[in-house]
Amino acid sequence: MRMPALKLSAFWICAAVVVLLGIAVTIFDVFAINTFIYFAAYVVLQYVVLATAWNIMGGYMGYVNFGTAGFFAVGAYASVALYNLIQAPLALMIPFSGVVCALLGLAMGYLTLRLRGVFFAIATLAMAIVLETMILNWDYVGGATGAYILREREMAPFGDYVEFLFFVMLLLAIFAVAVARWLERSKTGRGFGAIRDDEVAAECAGVPTLRLKLIATTVSGFLMGVAGAPFALYVGFIEPSSAFNLIYAVNAIAMPMIGGATTWLGPLIGALLLGTVQQVATVTISSELNLLIVGVVLVFFVIVAPEGIVGLLRKWWRPRKWWRPRNDR
Amino acid sequence: MTADALLDVRAVTKRFGGFTALDQISMEVRAGERFGMIGPNGSGKTTMINCISGTLANEGGEILFKGARLDGKKPHQRTRLGIARSFQIPKPFRSMTVLENLGIALEYATDAAPGEVRERGMTILETIGLAERAGENAGALTQIDMRKLELARAMATEPELLISDEAMAGLSSTEVDDILDILFKLNEGGITIIMIEHIMRAVMRFSTRIVVLDAGRKIADGSPDEIVNDPEVERAYLGE
């Protein structure tokens, strides 16, 4: 009898190594001289989650969501509300924000189910603006003046609390990528691909397009909410214009495009690459340069490698799909 | 109605705003039949198919498949019930290979186990004559192969009724014969076929019964011989 439990894939070995590295780096304070490294790495990992979440709808299914910032901010503010309500710990905030944003995603899916292409994108952008206006006028979570969440100074055994948050975001990033990878390889993921290629043909081939779209918006929303959950703890002070910043939406689109939007690897590579470049540029050159970098890199990739970095790699390496005929290539 | 009607269309009406695309159309398709549907451009043929396959909702009348009403059923549910269609303008899943195109239909519309998908897909491709293209990108196929893929993907849903929407438009005469042979073969395998076509030679040769639509109305219903000699059909096509 075969033991499937022992069949560890390269993916999970890599994930385990990354987690162990994360633990080592935080506990032994490898970057003790400068905790900014953790601070910056947190942002990069947060983009891994956001880009991966965006890609489930945008890359797999071809529905471009411009409302990433809205989901992210609602996730952050859901945490603030829960904190104000019951002083909830982070372990509770994360699933709570995730569920709130999953419901938001589900609602968005229902409201926009007849919209495609540009109209869908505009609707998501509008949704983010509506949400921002609502938060601006909701005093319980600080309204326009913003809100504080007091965090611990330290968190054993990680040391500084930012190091702890870095580790949490690392776990969330691995979780997000694992979910995306699992979806991509499932029957559902193949259905997403059919919807992206031709929605009417997909429906007539037996694909329940509405149900699949709602799955995508819900899962994508959940992951974006999860990414936003620790935000208030991370920055210490949260206010609408920072949480709803358009840069989240722009990056969540640019990163999968640069990495390659049809696989889970694309947003991961794109976020690590572009996120790191942005962080380095913020420190060494100027914090205003971020968007310019995104723009230039995006233009470059759209022209030179429209299928992203993964698309370039595909020329040499092509993953085997199980229903490709045996004699193929 | 007869008891053995596979598809029973009863007084179906479809309007687009003030325009009546289908006006109280009734027809019956019996199991195993080769059923032709013809009519000038804009006569409502494709609208009729869209109502049967569920991509459009009819306003009046009802459509029964194997005695059960189809109203309110989504296209993918109708596909699972056994109604398949091909598209006039081919709609392949362009990011996938030919075999993967069939895989979607096999996975979603049939009860094929994951291990059977490849084999069942290849069997269909062999029937259609597309086996050697199995690993190619669907978007890179030639026109004739794309038409064949349309039929193959429809076949992959394991239908009882196959609606072929102008599968031969724009093809050369040998290619038309090619598609005709495929449709004959599928019909011999027990599948009821509705063929919508402008190419008279093909429809007349293929169909056992033909319905003629004109401006949303049914003007004739009978054997190919009867249709050819019908004065109203002549008027619809040639004018007075």
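The model is predicted, so local features need pLDDT of at least 70 and side-chain atom pairs count only at pLDDT 80 or more, while totals for chains, interfaces and linings use all residues. Residues are numbered from 1 along each chain as its sequence is written, and chains are lettered from A and ligands numbered from 1 in the order in which they are written.

Let's start with chain B. Its secondary structure comes to nine helices and 10 strands, where helices (H or I, at least four residues) and strands (E, at least two) are DSSP runs numbered from the N terminus. Chain B is as compact as a globular protein of its length, because its radius of gyration is 18 Å, close to the 18 Å that the globule rule gives for 240 residues; the radius is taken over C-alpha atoms, and the rule is 2.2 Å times the number of residues to the power 0.38. Along its principal axes, the C-alpha trace of chain B spans about 55 × 40 × 35 Å. Buried residues make up 50% of the 240, a residue being buried if 20 or more other C-beta atoms, placed from the backbone, lie within 10 Å of its own.

Now zoom in on some strands. S1(B), residues 5-16, and S4(B), residues 60-65, pair in the antiparallel sense over five bridges; two strands pair if DSSP finds at least two bridges between them. Val9(B) has Ile63(B) in S4(B) as its bridge partner. S4(B) also pairs with S5(B), residues 68-69, in the antiparallel sense over two bridges, and here Phe65(B) is partnered with Ala68(B). Two residues lie between the strands of this hairpin, and Lys66(B) takes a positive phi near 50°.

On to the interface. There, 30 residues of chain B are in contact with 21 residues of chain A, contact meaning C-beta atoms, placed from the backbone, within 7 Å. On the chain B side, H2 (75-81), H3 (98-109) and H4 (117-128) each supply at least two residues, and H3(B) gives the most, with eight.

Finally, look at Arg196(A), which sits in H7(A), residues 187-197. Arg196(A) is buried, because 21 other C-beta atoms lie within 10 Å. Leaving out residues up to four places away in sequence, Arg196(A) touches Tyr60(A), Met61(A), Gly62(A) and, across in the other chain, Ser95(B).

Terms used:
A residue is buried if 20 or more other C-beta atoms lie within 10 Å of its own, exposed if 12 or fewer, and partly exposed in between; C-beta atoms are placed from the backbone. Two residues are in contact if their C-beta atoms, placed from the backbone, lie within 7 Å.
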